[in-house]
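Subject: Structure handover

Hello,

Here is the structure I promised to pass on. Please open it alongside this note.

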Amino acid sequence: MFLDMTLQRNPDLMRLALELHQSGQIPPNTYVIDLDAVAANSECLAAEAARVGLTLYFMSKQVSRNEVFVRTVARSIPRAVAVDWDEAQALDAAGISLGNVGHLVQTPTYGLDRLAALAPEHVTLFSVEKGLAVAEAAARQSRVQRVLLRVAVEPGAFYPGQAGGFTLAELPNAVRRLSGVPGVAVAGVTSFPCLLFDPMSGRAAPTTNLRALSEAASLLRREFGIADPVVNAPSLTACGTLSLLAEAGATQGEPGHALTGTTPLHAVGEEPEVPAAVYVSEISHHYGGKVYCFGGGLYPRSRAETALVGASWGKLQRLAIEQLPADAIDYYGTLCPPAGAAPRIGETVLMAFRMQSFTSRSYMALVSGGRLAHLYDPVGRPLRSAEEEMSL
């Protein structure tokens, strides 16, 4: 999906990834992240958000909430969104302040007291019952937790497996039930997704959820006297879409893939953010006229179509990627070579796609200044680089 754009805009990253694998410094099934590009992308996002008057909370699940990554981003965007309880804990452990928790996954009862101690700016609610439980936990610590109510025009406006929240018709009753409850204060509304990529125009387009947020914010002002409600409008948050969000009345955005230049917008045009992520694998074996590379990080929704394969930069060949069925486990990726041109076992495979590393079992390599800076195993434990091993 991002192979050609990464080759065009950040070829040094792809060249370095190839060298790191061929020299034995990183294993196959590794995401390689360009920290220098991430820092520049974060600065760009922060500057544009300041220009249009938006607050940003950055998202890190796509890079497994990596501690070095989040600290790099936080130099420009100080607060993060935690889509679930696991991310909230990982961000706190890395010293990152929380802007919004529960963005996609509600905090379980198990974590509510700990959540109150973390003191996030906002907690997103899908139900009044969860709001009352959040209030009790906050009150036990003499806090008042600001909350955002998740809204949509209709249940079908959410992605499968992510449903939950309030319709516009249900919203007034929810606000009334939470108003005056010790430990909680309704601060505004949120939804997801609020922008989606339109493949016909190649641009971002507002969803019904974004329009629902505008109506919900008007309701909070008109019926409940909330003068300046928070309007948190995540999805496809990038430098090129921040003005669109601001014009629609949003007050907050949550960049995630924009940090690595891997939103759908970045696959079709030169957006301000630079592509900063590649996936490295290795040819494992040949079978039935096809070539197989090690898997582990091949996210099914990535839409990766081609890979570059070879052992040296000047001799890479482009191979088509065969899409796995939804019920497959990605033990291997399948490549389709032309007749008589199959790559050799052990050669490097380079891909660039829309990753979700927190769902994978991949290694994470962070590079900076043209060298390997950090390497982590699939559960986030830091490993020595090959360079450090040789120095022992």
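Below is what was found, grouped by topic.

First, the ground rules. This is a predicted model, in which local features need pLDDT of at least 70 and side-chain atom pairs count only at pLDDT 80 or more, while totals for chains, interfaces and linings use all residues. Residues are numbered from 1 along each chain as its sequence is written, and side-chain values use heavy atoms, with hydrogens and water left out. Helices (H or I, at least four residues) and strands (E, at least two) are DSSP runs, numbered from the N terminus.

The largest pocket

A pocket here is an open set of points on a 1 Å grid over the protein atoms alone, with protein on both sides within 12 Å along at least five of seven lines. A cavity is a set of points where a 1.4 Å probe fits but cannot get out. Lining residues have an atom within 4 Å of a point. Points are joined across faces, edges and corners, and a volume is the space filled by probe spheres set on them.

The largest pocket has a volume of about 1000 Å³. Its lining holds 38 residues. Nearest the centre lie Tyr159, Leu196, Pro264, Arg301 and Arg354. Strand E9 (195-198) and helix H11 (265-268) each give at least two lining residues. E9 has the largest share, with three. By type, the lining has 20 nonpolar, 11 polar and seven charged residues. Nonpolar means Ala, Val, Leu, Ile, Met, Phe, Trp, Tyr, Cys and Pro; charged means Asp, Glu, Lys and Arg; the others, Gly among them, are polar.

The cavity

One cavity of 30 Å³ or more was counted. The largest cavity holds about 50 Å³ of space. Helix H6 (112-118) and helix H7 (128-140) are the elements that each give two or more residues to its lining. Among the lining residues are Leu112, Val134 and Arg143. Eight of the lining residues are nonpolar, one is polar and one is charged.

Strand pairs

Two strands pair if DSSP finds at least two bridges between them. E9 runs antiparallel to strand E10 (residues 203-206), joined by four bridges. Phenylalanine 197 stands opposite alanine 204 of E10. The two strands form a hairpin with four residues between them, and glycine 202 in the turn has a positive phi of about 75 degrees.

Strand E13 (residues 277-287) and strand E14 (residues 290-294) are also antiparallel, with four bridges. Histidine 285 has tyrosine 292 of E14 as its bridge partner. Their hairpin has two residues between the strands, and glycine 288 there takes a positive phi near 60 degrees. E14 is joined to E17 as well, antiparallel and by four bridges. There, cysteine 293 partners glycine 333 in E17.

Salt bridges and backbone

A salt bridge is a side-chain nitrogen of Lys or Arg within 4 Å of a carboxyl oxygen of Asp or Glu. The count is 12. One of them joins arginine 79 and glutamate 121 (3.0 Å, N to O). Arginine 79 is in strand E3 (residues 79-82) and glutamate 121 in the loop between H6 and strand E5 (122-125), so the pair ties together parts 42 residues apart in sequence.

The peptide bond from phenylalanine 192 to proline 193 is cis, with omega near 0 degrees. Proline 193 sits in the loop between strand E8 (184-190) and E9.

Best wishes
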